[in-house]
Structures are given as C-alpha cells and as structure tokens.
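Below are my notes on the structure you sent. They are kept to geometry and contacts.

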Amino acid sequence: MNQQIYWHTTVKMPDDSNPSTGSGRRLTPIPEKVDVAVIGGGYTGLSAARTLAKHNTNVVVLEAETMGWGASSRNGGMTLTGLKVSMQTVIRKYGRDLAKELFQASIDSVNTVEQIVKEENIDCGFARTGHLLAANKPKHYEALKDEVDFMAKEFNHQVHLVSPKDLQSEIGSNVYHGALVDDVSAGVNPAQFVAGLAGAAEKAGAMLCARARVTKLGRSQNRFLIETERGSLTAESVFVATSGYTGNVTKNLQRKIIPIGSFIIATEKLTDELAHELSPKNRMIFDYKHYLNYFRLWDNRMIFGGRAAFFPENENTIAQSGEILRREMIQVYPQLKDVKVDFVWGGTLDFAFDMMTHVGELDGIHYALGYAGHGVAMGTHLGKTVAKAMLNGNIKEHPFAKFDFPNAPLGLYDGRPWFLPLAGAWHKILDWFE
C-alpha cells in the first residue's frame, strides 16, 4: 500500500507557491494589520474567510502547512445530517427547543456545502446519495426501528428502514442485520472541495497565507498581536479553526479537544459490476459500532475508513491501520479479498469530551471545534455562520454556543492525549459486550 492520500491524486492541491491555485507565485506575504485573523486553513477557516471577505472585511487565513492540508483533504468525503451524539441523547441533555435548532443546523450544513459548490462552480462530485447506517447486531436494528418514529415525531425528518431481507438492494454484504437510510446526506471528493473553497475565499478577497504557523498569540489594548513563522501582524478579532490540530498557542482550547486519528484505505479500481454489487446506490455507509467503520465508493474504488488506531497519523500508525482496515474491509466484503489496496493514509479529528460540536468566544477569541467526524458539512457551515455572528456581535445566540464546552474530568488533561489507548480499548469492550 502506498502511504499517500488518494484524494490528492485527483486534484491540484494548494501548494507553497500560491495558497489556492499553485500557479507559481511566491508565498502570500503576511499583512501587517487585518480586521480578522483566521487560524487554520481547512473547511471552517476557508468558509469563514470567504464569508468575511464577501462582507468587505479585511481577513487573512494563517495556515501552518498548506491550505486544506489537514483532515479537510484526508476524510471520507461524507457530508452528513445529524450530530455525533444521538438526537435522543441531545434532547435529554439540552431540551427539545435547542435540540431542534442543533438538528436543523445539521440539515443546513449539507445545504451550505451544496450552495457553495453551485455558487463557486466547484467540481467535487457533490451528490445527495444519502447515508446508510448499518446494524451490526439484531438489537441494533430494533433500535433503528425506534429511530424512524422518533425522527419523524420530534424533528419532522423522514428516514426509513431497510430490512435484513432487503439489504442486498443497498449493500453487497451479508454481515449486517438491516439498516437505516437518510436520503438528505451527500458525498463529495473532500480534496477537490477544500481546494475549490480555498480558491473561492481568495477570489472573494481573503488573503491566504500558507506556511504561516502561529507561534504566539497575545493581546494589547483592543488588538491581538500574532506572531507566525513568517512574520507578525495585528488583528481586531481572531477565529480559531484548527480542529484536531489545535495546539499550545491556544492552550485553553487545546485542553478541551482530543485529537483522534482516523485512517482510510483506497482499493484499486473495481469493475462496474463489482462496484454496483458492493454499493448499488452509492450511499455513504457506516456501521453502528463504537469502534466504527465507514466506507463508500469513489470512481469505482472502495474508500474504507475507521478508527483503526486512536493515535493521530504517523508512519507507523498509518501502516498498522492499513492492515487492520484491509481485514475489516474483507470481513464486510469477502468479494474484495483478492483486490489490491493502492493507498492508505490518516488524518486527525477533533473530539470534545462531551462528543458535541462547540462554538463560542474564549479569552476574546472566537472558535468552532469538536466536529467528531462530521466536519465536512458542519465545518463549512459553522465557518460561515460564526463569521456572520462575529460581524453581528451575537455569537452567544449561535445554537452551538448555548451549552457549556467542558474540560476533561478532574482536569487530568493538558492537551496531550495519554489516555487514547484506554479509550480505544474501552470502545472495543463496549462493542464486545453489545
């Protein structure tokens, strides 16, 4: 398996020469003074920059690597409704009114991606093929029956069941015990989308500064003082959009986020017949497990991902995860036992301790963090909506700002996730018991 991000072979990614187009110009210089500095050049940061620039705001995106370098171009491209936490849990914790706002935001997030793709003419294969939640056990399927009625009653959102006997119409596998389909979800090529988003932000007037890792962030009177590896600047406002790569510069936010590795393999191209057999409707598929797998087709390749190792990506975790994921894939699809795996790669996701997404202002700094694997749609949407809240001065009215952003229990966390092996083992134990 090549340790290479497959998506990067499908598009000209932004490079060091030019943040959005890679056309050979020099790196964009660091400006001396801006209205808003956005830290992080993924979906959230680029979407925010595009929105702010369209409102005549002088905005710069400061990215440690190159635009779209992180999880934004490494994920499965699943553009999903819902949150990581079940909506039944959300209602219990936050009440019906806020739960409805939060769920509506997830619907709006898919619409936001679709709107940007159309407005900016981004060729990224956006398609509302829906998602399929597959039941690993018969008891999971029983729970999904309740979910259909619950979503219709509480959110007026229609999802439908696929019985075990009808499952071949959705997935060419015998390991599952029925499934639930949500037709509103979509899929994209994530690298093509984030590259297009970078171009759209730059076209709107945002300055995109690659290789501009922020090394220090302070405040003097009413302005922020920002030092980067390529120079310093001041800004009236700062928006942190660093997700799983949140670091020491924003220590109080880093302590609230757990960076978790997610890994993906991509097979060689399959025949049309085999691809159709595996996923007749090209759904975004994921299973019911705590230690979940997620998979879909792109260009007749099976893209198969999961939490094969909880630690963020490095050469060892990627290699080990590739073997684990291949075994998992063959368990689901024995038809692929002789198919070559061409690519394996990893990315780092951001999980909050309550598994919820969070928006707000801390130490005067705005943020949107904790996507827990729902960042394609939600990151893009929150980039836009938090940018508008910054312009209007009403961040506290944002749905994802209406509940607390917790620290680690007992304060036993400084941003270095020493407990990830324990968390991974615990999820496996839960799956074993279930």
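This is a predicted model: local features need pLDDT of at least 70, side-chain atom pairs count only at pLDDT 80 or more; totals for chains, interfaces and linings use all residues.

1. Aromatic pairs. There are 12 aromatic pairs in the structure. In one of them, Y6 and W7, the ring centres are 5.5 Å apart and the planes meet at 45 degrees, so this pair is tilted. Y6 is buried, with a relative accessible area of 3%, and W7 is buried too, at 0% relative accessibility.

2. A pair across the sequence. W7 also pairs with W298: the centres are 5.8 Å apart with the planes at 70 degrees, so the arrangement is edge-to-face.

3. Charges over rings. The charged end of R74 sits over the ring of W69, 4.4 Å from its centre. K256 has its charged end over the ring of F405, at 5.2 Å from the ring centre.

4. Helix α8. This helix covers residues 315–332, 18 residues in all, and its first and last C-alpha atoms are 26 Å apart, close to the 26 Å expected at 1.5 Å a residue. Which of its residues are buried? They are T317, I318, S321, G322, L325, M329 and V332. Viewed down the axis of α8, the buried residues fall within an arc of 135 degrees, so they line one face of the helix. An α-helix has 3.6 residues a turn, so residues three or four places apart point the same way. On the other side of α8, N316, R327 and Q331 are exposed. The cover over the buried residues of α8 includes β1, β13 (257–267), β15, β16 (301–306) and β17 (341–352).

5. Helix α1. The 12 residues of α1 (residues 43–54) should span 16 Å at 1.5 Å a residue, and the end C-alpha atoms are 16 Å apart, which agrees. This helix is mostly covered, with 11 of its 12 residues buried. Among them are Y43, L46, R50 and L52. After α1 comes N56, whose phi is positive, near 60 degrees.

6. Nonpolar cores. The largest nonpolar core has 82 residues, of which M87, F193, W345 and F400 touch the most other members. Helix α3 (residues 96–120) supplies the largest share of this core, 10 residues. Leaving out residues up to four places away in sequence, W345 touches, among others, Y6, W7, R74, F263 and I318. A second, separate core of 28 residues includes F263, L274, I285 and V341. In soluble globular proteins, nonpolar side chains tend to be buried together.

7. N2. This residue lies in strand β1 and, at 44% relative accessibility, counts as partly exposed. Beyond residues up to four places away in sequence, N2 touches D342, F343 and V344. The C-alpha atoms of N2 and V249, 247 residues apart along the chain, are separated by 34 Å.

Terms used: Residues are numbered from 1 along each chain as its sequence is written. Side-chain values use heavy atoms; hydrogens and water are left out. Rings of Phe, Tyr and Trp (its six-membered ring) pair if their centres lie within 6.5 Å; planes under 30 degrees apart count as stacked, over 60 as edge-to-face and the rest as tilted. Buried means under 20% relative accessible area, exposed over 50%, partly exposed in between (1.4 Å probe, protein chains only). A charge sits over a ring if NZ of Lys or CZ of Arg is within 6 Å of the ring centre and within 35 degrees of the ring normal. Helices (H or I, at least four residues) and strands (E, at least two) are DSSP runs, numbered from the N terminus. The expected span of a helix is 1.5 Å times one less than its number of residues. The arc is that of the directions from the helix axis to the C-beta atoms. Contact means heavy atoms within 4.5 Å. A nonpolar core is a set of buried Ala, Val, Leu, Ile, Met, Phe, Trp, Tyr and Cys residues joined through side-chain atoms within 4.5 Å.
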